[in-house]
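This report goes through a structure from the whole chain down to a single residue.

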Amino acid sequence: MGMTITEKIIAAHSGHQEISAGQFVYADVDICLGNDITAPIAIEQFETLGMEKVFNPDSIVLVPDHFTPNKDIKSAQNSKLLREFAQKHKIKNYFEVGRVGIEHVLLPEQGIVVPGDLVIGADSHTCTYGAMGIFSTGVGSTDLAACYATGKVWLRVPETIKFIFKGKLNEWVSGKDLILHIIGDIGVDGARYKAMEFSGSVISDLSMDDRLAMCNMAIEAGAKNGIIEPDDCTEDYIKGRAQREHKFYSSDEDCNYHEIREYDVNNLSPQVAMPNLPENVKPVEELSDIAIDQVVIGSCTNGRISDLRIAAQILKDKKIDPSIRLIIIPGTQDVYLEALKEGLIEIFIEAEGAVSTPTCGPCLGGHMGILADGERALSTTNRNFAGRMGHTASEIYLSNPAVAAASALTGKITHPEKVN
Amino acid sequence: MINGKGWKYGDNVNTDEIIPARYLNTTDKKELAAHCMEDIDEDFVKKASEGDVIVAGENFGCGSSREHAPICIKALGISCVIAKSFARIFFRNSINIGLPIFESEEAAAEISDGDNIKVDINANIITNLTTNKEYSFTPFADEMKDIIKAGGLMEYIKTD
């Protein structure tokens, strides 16, 4: 019996020639990621072991991105803890404010994670890197602490659900819409504990930014990882970025899938998830006329340069509806600088949007755009749980950047074709 | 032996509800415990007593990887969580920090708010003392049992 790409990467990192779903392994970790919320607990836990040295400082990445630039004194203390730990253990991949970006935009962009890697992160959206043919999964702070000490993580090998996409994507439909559509179909626990492998001609034609957005939200279906077999697009993306040797894995023809699901995307419109779960998905046409107060464009899902380009295309030479607060957050400093050079930032400011330095900020109700009682946001982020972005009686709708930009112009949830 | 009053919740209780992000600027367990379940049940901290049990539906603990979620539940003195199913990161976090969690579709469905619940971990039995009904729960993999026996992942590493 052959193996899936997920099984192959885990096998290669756990000293097995062959493994199969359900097996329990201790796997070698190439990169382990922590942020200003999760790494402080990991550092405290690691220090209970009384070890002088970490297993491998080069495998540790510390990205203070959630509450930075520090929103309050307690957050500043946590950032300080990360900074001091990085200095003590000579961790080169520590990103200070001014260099920091949203972790899951930053790590692929900087070539810190490369195809064939096994990556863990104390952040649920660590599954993003599967877009590059990486086994990558979210874990907790104690897992991270254990990895600091041993270089390993315990894993149960997941079953794989294969999703095949056929047809041609319509204008304004993106990777975000594909993943929202799937979550709407299988539900927020439809892939619980499983690997989601995305394939088919639609995926082959998808840009890396869109692939990253798709794999990013695999966790929103409960999955352990999302993954796409590397191809020419992957090769092009890592050229000039990859900091280490990489390896392309692919699934064997005779591998064992738990389930195979096929989707025809020809009639797919931009998708919107309604409150309070990412599975409450409808085509944008069915939600027009829902008035909103705030639009957020950014996050580890949609804070990449192509996301900003599409938003700028819609907002160019226009002003947003006076009832709307538009907040745009480039995912990293490189994305910000590129947007500046391309004139996108000028378009956003002329449109009366607020542009922020890279931060997770409002996505998790941290800072930079918290919602009040009864307010409604349309956001390109990944979760719309009650109270996620602020007051428990506020509401979040999730969409792609094109829908978000179009809706900022009208003050209501709007199909981009209506304003372009 | 676990014994306490059950507090019942529905499906997809997420980590933002268990411990909202506005409290994630601290790692202080007592401070986190003071806000346990705040965004799904703001009276929870007032009404729950030491040893009580959280009972929930499918996919308990979905959402973020924040270990603050099982930490605040444990630090409040909740003895265990019984659910139809658990989200995977919450599941591993609970094993790793030594918060007992039990997957039992039937028990989670039939226990009512306020029922008196007993769990015998070694015998694999959940008992609803209010209705006198017994349930089994999904056993853990042997490798997980080793971590649970050690009292959590850090303790397991220390002994390994």
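## Terms and source

A residue counts as buried if 20 or more other C-beta atoms lie within 10 Å of its own, as exposed if 12 or fewer do, and as partly exposed in between, with C-beta atoms placed from the backbone. Helices (H or I, at least four residues) and strands (E, at least two) are DSSP runs, numbered from the N terminus.

The model is predicted: local features need pLDDT of at least 70, side-chain atom pairs count only at pLDDT 80 or more, and totals for chains, interfaces and linings use all residues. Residues are numbered from 1 along each chain as its sequence is written, while chains are lettered from A and ligands numbered from 1 in the order in which they are written.

## Helix H12 of chain A

Helix H12 (residues 333–341) of chain A has Val335(A), Tyr336(A) and Ala339(A) as its buried residues. Seen down the axis of H12(A), these fall within an arc of 100 degrees, so they line one face of the helix; the arc is that of the directions from the helix axis to the C-beta atoms. An α-helix has 3.6 residues a turn, so residues three or four places apart point the same way.

The cover over the buried residues of H12(A) includes helices H4 (103–109), H11 (305–315) and H13 (344–350) of chain A. Here contact means C-beta atoms, placed from the backbone, within 7 Å. Gly343(A) follows H12(A) and has a positive phi, near 85 degrees.

## Chain A as a whole

Chain A holds 14 helices and 18 strands. Its radius of gyration (taken over C-alpha atoms) is 20 Å, close to the 22 Å that the globule rule gives for 420 residues, so chain A is as compact as a globular protein of that length. The globule rule is 2.2 Å times the number of residues to the power 0.38.

Of the 420 residues in chain A, 61% are buried. Among contacts between residues at least 6 apart in sequence, 77% join residues at least 24 apart.

## An open sheet

In chain A, 4 strands form an open parallel sheet in the order S10-S9-S8-S11; strands pair if DSSP finds at least two bridges between them. Strands S10 (225–227) and S11 (259–264) of chain A are the edges, each pairing on one side only.

Strands S8 (residues 160–166) and S9 (residues 195–199) of chain A run parallel and are joined by 5 bridges. In this pair, Ile164(A) stands opposite Ser199(A).

## Asn12 of chain B

Asn12(B) lies in the loop between strand S1 (2–8) and helix H1 (15–18) of chain B. Asn12(B) is buried, with 23 other C-beta atoms within 10 Å. Leaving aside residues up to four places away in sequence, Asn12(B) touches Val188(A), Leu277(A), Glu58(B), Asn59(B) and Cys62(B).

Technical notes. Contact = placed C-beta atoms within 7 Å.
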